[in-house]
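I opened this notebook to keep track of what I looked up, one place at a time. The entries follow the order in which I went through the model.

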Amino acid sequence: MTAAGIRAGSVGSAARVALVMGTSNFGEGFEPLQRVPDELRMVKAVLAESAGCTIHRDSGLDPTVQQLRSSLERALHGDDGVPPDLLIFYYSGHGREFGDGDFLLAARDSEKEEVSTQLRADELFALLTADGRPLPREVVMLVDTCHAGLAVTRFGQELALKRAIGSPLPVFTAFGAVDRLHQAHQLHFTDSFAAALRTVPGSEREEFLRMEVLHEALVGRMKHLAGDQGVPPEPEFLPPGGATRAFYNPWYLSGKVRRPKEANEVSGWAFCGRGRAVDAILAHLNSGDAAGALAVTGDSGSGKSVLLDWVHTGSSGKPLRAGPRAPAPVPLECLDLLLDVRGMPLALVVKLIASHYKLGTEWHDAAGLLDRLAAGTGTLTMCFDSIDACVDPYGLYTDLLAPLAALDRTRVILAGHGVPDGFTGSLIDLDSTEFSDPAGIAEFVGHVLRHRMGTTWAETDPQWVTDIAGAAAEAAGGSWLRAYLFAVSLSAEDPGSARVRAERTTAELFLEQLRALDEDDPEWAAQLLLPVALAQGEGLPADGQVWAAVAERTSGRKVGAAELERVQLMATDFLAAPEGGLHRNGWRFERSPNAEALVHMAGRETAHTAFVQAMTHRLPLRPSGARDWTAADRYTREHFVHHAEQAGVLLDYLREPEFLLMMNSDALQRVLTVLQDDPRGEVARVRSLCKHLARTNRTDGQTLSRLALLAQVYRLPVLARRAGESAVGWRPHLVHTAPVTSVHCLPDGGDLVLDEEGRFLLRRGSEDVGVWETLASAKRTAPVSAASVIDANGSAMFAGQVDGRAWAERLSDGEAFAVPNLALDCRLVTCVQSETRNLLIAGTDGWHWRTPESTGRLVPRGRLRIGGAATAVYQGIPMVATRSARDVTVWRADGQLVGSFEPAQHLALAAIAADCDGVYTGAGDGTVWLTSWNLDPVGQVTAHASQVVEIRVRATADGRALVSAGQRGDIRLTPLPLGSGTSVHFELGIDVSSVDVDTCGDLVVGTSAGVVRVAH
């Protein structure tokens, strides 16, 4: 995933999420770790590129222990309560052993001698099973600390304990940067991990890497520890307990010509520099006499493999994209074969060479291969990458590659971290002064910053890009891979904030130039240009009204069109004028360092406060005295939230419904993503609400009603009240705040619901604020699978269980009875009362008809299992209709078969209801159809945008009505008989499980957020 830099935000239900955290500065007793910021930058880019992850908004540097714990908890469960499919958690900092094998993780507020200020490994793991909430399908933890192996060991112990007691757990994998005994070295794990993900050997048929293979590659990489740092550490590994889909396989369906994974249309990557190394390779390939092998060596990230890819792809006529300082294209067919031998035994290398050159050599016969090659004519050019990562590097070199290089007709290139033992030949050391290319790395970083899709640097001053690219290249320390990852991370950052720090002298010069524009009033130009410096996006509107209004607020001057024309003329060297007429945005500074200098001088918060005041003052007032946000201009809608956030007043506006609806939703979501949460958590809840609202229909005239409901769901009472007061149409009231599976209205007022925990809850009376009682029936012996409300000399709940038993309990006095003589040894799907006061009990295998005197015989199902049933009286005869996923079977209540039919609906049947007119069926395609009791199709009654989850026929004050609900929250109330009135449509915007209608015609809806009563 390379399309848009590193995405970061409140991820909600994003599928693949990475939480990347680390600590550089600690409390007393811990040494600072200077390179942690670079490690975080690299890992963010690696996980975005190689795992397709969205970077969680809490990712960052120097968290406290509590922030570390709460951030991981948020990432596990999702901001909106929907966990991601995959969560990768990386942490870099200090880790230490405590007691008998315990592991402590240190954060910003940790003190070495205070154990209570550090986080234990078992506490970290406990977040996976803390409160029974839904979890990701897969979790990967990367612990980049000293003694990280202790953490992995503790994770394994906790995992075994949880599995032993049957706790539901994600597929869990853990990597530790070192074993339990060693110290970790900064950037060593991250460099090795990044390189391993890009080059790990994998089958072209497997989309995702197997963790064991990744671990082997990581071990191999970490053996090559740069510098004199003692015995290379080995990473600790806890393998997953199930199928993993965390890291993409770079070789998946990759084709015959290897290309770097990042070499695509959107990454900004291009081959830069390295001309001297390419020339040396071509000179070796084109040499007239055999001169032994050429070795290309360098540490991880030095660009060995990409250098070879440049030559091979160019030779194959499929060259890589060339960037600044790139060498000239290589000649066609200059390199026959590029073979990455990572993880290969000698025999496989022999087989692949023989296959490429169409030789009949046996796979185990290296000598035979050499003889066949020596007997041919013409020059053969071949390259072997990752020779030190094959199964037997010494054997590969001595038995095959060295003799191969000695043949007169072959030109052989070897690539690895170092030369093989006994190597004789030429050398290109990419870490040496001769072949390293710092200028090329800087050009490479600059190219990525300018050209990556979604980059924030596309319009940045070229000199500034050059400066920051040089700094990034220096920080990369000669590593092309590290430089690329730095560039990916930087591409999503705001260039402006770094400009002020880097160009302070230039900024001071700019301010002097502004003062010189009017020597009698040296502050005049700076004060009038401040609004332009604050402008976002394409710039201030061309008509100058916003500019003038803000300038008056910030300067205290009277600013009109003449003043603006004067400053535009005198400051023309600094300004970019608008294009496309007065209604276009466009007044902005040519160079953002100049803008930042003005904002810094005026005070950011003060300046943005004036901007906010000016924009709100321009809005007309409603009769109520409130501002009319529907009159906001384009600039206000797109950028007001940014100015309000910078001014520190955005929270004041988040309780205004029209404000939330009129602001640009993407801009609002961006600002809310980075806005620091308030102590009450209101910002986080507004963020989740806006994200939820953005997924709903905004053109149906129900948005304010939907907003009123969502505000209740996200516990925003002021916003809910204001939206409800403004709503036209339906008015929601959330009367219960836990998910339910079915809802039922009581004839004398009140509601009965079955929640997701299998409990019956009762609210008596017709007021929305009634108290909910939990009902516990002595007749209940198993989980309830079907429920309804019946008349048993008073309202009673009628329930069927998964074991085939059914019972009823009167709500007024608790008197209960079990339905006797049932022969259903299966899950009950329907328990309802007919108009004749008899009972229908249906299970997946058949149904019974219960009169006051007796239980009728078992009527077995047809070909398919029964999914639901309904009953009605037709021409004085009680009828029964059962549905499977495909068809409907109709009987008389005495068990006499009438017939069956398949409704003309495209997907499986999901709901059924009936009345005197016939049988209503709801399907997965969202449609509801009516078929007469004579089995004749009547036609489509209504349609939903998602699968129908419930249909019921109910009597209201206005007559009969069919209420139907789609799973995604669209509900329709259709008057019966068909054509007798106008149907009403409600779009709730949250998932629906059940719906009913009370005698007044108001809806009671069971949703993923609880029970909602809807008046209309």
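Before the entries on strands, I note that two strands count as paired if DSSP finds at least two bridges between them. I also note that the model is a predicted one.

Entry on strand β2. I began with β2, residues 16-22, and looked up its pairing with strand β5, residues 86-92, where I found that the two run in the parallel sense and are joined over seven bridges. Within this pairing I looked for the residue that faces Leu19, and I found Phe89 of β5 opposite Leu19. I then turned to strand β3, residues 54-56, which runs parallel to β2 and is joined to β2 by two bridges. Here I noted that Ile55 in β3 stands opposite Ala18.

Are the residues of β2 buried or exposed? I found that seven of the seven residues of β2 are buried, so this strand is largely enclosed by the rest of the structure. I also wrote down which way they point: Arg16, Ala18, Val20 and Gly22 point one way, while Val17, Leu19 and Met21 point the other way, and all of them are buried.

Entry on two helices. Next I looked up how helix α1, residues 36-50, lies against helix α5, residues 188-199, and I found that they pack at an angle of about 15°, with their axes 10 Å apart. Since angles under 35 degrees count as roughly parallel, I recorded α1 as roughly parallel to α5 because of that angle. I noted as well that the crossing in which α1 passes α5 is left-handed.

Which residues make the contact between α1 and α5? From α1, I listed Glu39, Met42, Val43, Val46, Leu47 and Ser50, and these meet Thr190, Asp191, Phe193, Ala194 and Leu197 in α5. Sorted by class, the contact of α1 with α5 holds seven nonpolar, two polar and two charged residues.

Technical notes
Residues numbered from 1 in each chain as written. Predicted model: local features only at pLDDT ≥ 70, side-chain atom pairs only at ≥ 80, totals over all residues. Heavy atoms only, no water. Axes fitted to C-alpha atoms, helices over the stretch in contact; angles between N-to-C directions. Helix = DSSP H or I, 4+ residues; strand = E, 2+ residues; numbered from the N terminus. Parallel < 35°, antiparallel > 145°, perpendicular 65-115°, else oblique. Left-handed = near helix turned anticlockwise from the far one by under 90°. Contact = heavy atoms within 4.5 Å. Nonpolar A, V, L, I, M, F, W, Y, C, P; charged D, E, K, R; others polar. Buried < 20%, exposed > 50% of the residue type's maximum accessible area, 1.4 Å probe, protein only.
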